[in-house]
There are 2 protein chains.
Amino acid sequence: MAHSAGTNGKRGRDEMSRRGLSQVEVALVEFFVSLADMAGMPKSVGEIYGLLFASEESLAMDEIIARLGLSKGSASQGLRFLRDCQAVRTVYRVGDRRDFYEPELGLRNLAAGFLKEKIGPRLAEGSRKLAQLEEVIAKETPTLRRVHENRVHRIRSWQRTGQKIIPFALKFLKA
Amino acid sequence: MAHSAGTNGKRGRDEMSRRGLSQVEVALVEFFVSLADMAGMPKSVGEIYGLLFASEESLAMDEIIARLGLSKGSASQGLRFLRDCQAVRTVYRVGDRRDFYEPELGLRNLAAGFLKEKIGPRLAEGSRKLAQLEEVIAKETPTLRRVHENRVHRIRSWQRTGQKIIPFALKFLKA
DNA sequence: CGTAAAGTTCAAATATTATTGAACAAAATG
DNA sequence: CATTTTGTTCAATAATATTTGAACTTTACG
């Protein structure tokens, strides 16, 4: 078990309070946990971002571990994920070897980082697979080919629309 | 086990081919499985939509079951999910009691259905939780309150931006 | 009605994903 | 350079989500 205080493996609202998180901190952590869930990220990622978001000053990994009651492994991986998406930044404090973390608060940057890191690669992969598919279709008999080309063109059209919308939406978020 | 042909529980590319799916159908099913995964939907939902998308004519549930080799339960639940999001429609054929399904092909309608059915309720729930949180914050001491209000206002601002973008993006997709 | 076909539900089984923690690596400190 | 602090990795474990299939409901048909 990752921590000494709890009587079981679940980190619920009660245990969070016991660890010294205020009601507001607990609520913000919960809020971001449900957002993380919506975006298909692990719960621990939501917890960490939520805690940093609620916290006035930056936090080191061991502080995050202590306050959320999660394991070193989860904290390390969660912070890496958040760094990869540029949802958190490290800040340096004189006389302290640890890395301190603070959250990115700009919606535009959060969205851009998530799109670039987590969505972009998968769309690129899809695009690659579609290209392969078009090769297969080109070899089919004319009757069959007509139907399949129609379908694949439909997806291509979706992709073109998406590629127009995304940069536009990001500009919209600039504010 | 849901089907008689396979030697194990996995439905891979090989088994799909054996069931009489063409190379193109297999590729389209795979394509939508990975899209479904990206959107946090069960694989079976992607399979079903992919098969319908690849299919020139509408299909009944038992045909979907036979061709994809999934269970009655999965097919029923998957089709319900797709109907809920308006990603598929039922069509009627004379002299056949079964419901036949065809896919929605318009990106705008697909996106709108997904947002309304799967994203909307969660955002509403988040909004509700934020309102509760604001009540708690209002009761805090002035010093603490200042910090927390700042954080929550940030989220409110995100929400306002999101609420402006979504209808705009949907209009953009109308084409 | 009685029967059969079509479809749904849900508890149990399975598959997938996240978390843990101990072993390891890197880097600063004295 | 030995030691301590900080952080990472990854195999085992725990937790979660999906799938299955048998029992059930609903609807149509003769």
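Predicted model: local features only at pLDDT ≥ 70, side-chain atom pairs only at ≥ 80, totals over all residues.
**Salt bridges**

Residues are numbered from 1 along each chain as its sequence is written, chains are lettered from A and ligands numbered from 1 in the order in which they are written, and side-chain values use heavy atoms, with hydrogens and water left out.

**Between the chains**

I counted 2 salt bridges between chain B and chain A. In one, B:D37 pairs with A:R122, the closest N and O atoms being 2.8 Å apart. B:D37 is in helix α2 of chain B and A:R122 in helix α6 (residues 107–138) of chain A, so the pair joins two chains. Helices here are DSSP runs of H or I with at least four residues, strands are runs of E with at least two, and both are numbered from the N terminus. B:D37 is partly exposed at 47% relative accessibility, and A:R122 is partly exposed at 33%; buried means under 20%, exposed over 50%, partly exposed in between (1.4 Å probe, protein chains only). I also found A:D37 bridged to B:R122, with closest N and O atoms 2.8 Å apart.

For contact (heavy atoms within 4.5 Å), I list 42 residues of chain B against 42 residues of chain A. The buried area is about 4,000 Å², with 76% from carbon and sulfur atoms; this is the accessible area (1.4 Å probe) that two parts lose on being put together, summed over both.

**Within chain B**

I looked up B:R89, which forms a salt bridge with B:E102 at 3.2 Å between the closest N and O atoms. B:R89 lies in strand β2 (residues 88–91) and B:E102 in strand β3 (residues 100–103) of chain B, so this pair ties together parts 13 residues apart in sequence.

B:E125 and B:R128 also form a salt bridge, with closest N and O atoms 3.1 Å apart. They are 3 residues apart in helix α6 of chain B, about one helical turn.

**Helix α2 of chain B**

I checked the length of α2 (residues 23–38): its 16 residues should span 22 Å, and the end C-alpha atoms are 23 Å apart, which agrees. The expected span is 1.5 Å times one less than the number of residues. Its buried residues include B:V24, B:F31 and B:A36.

Key:
Salt bridge = Lys/Arg side-chain N within 4 Å of Asp/Glu carboxyl O.
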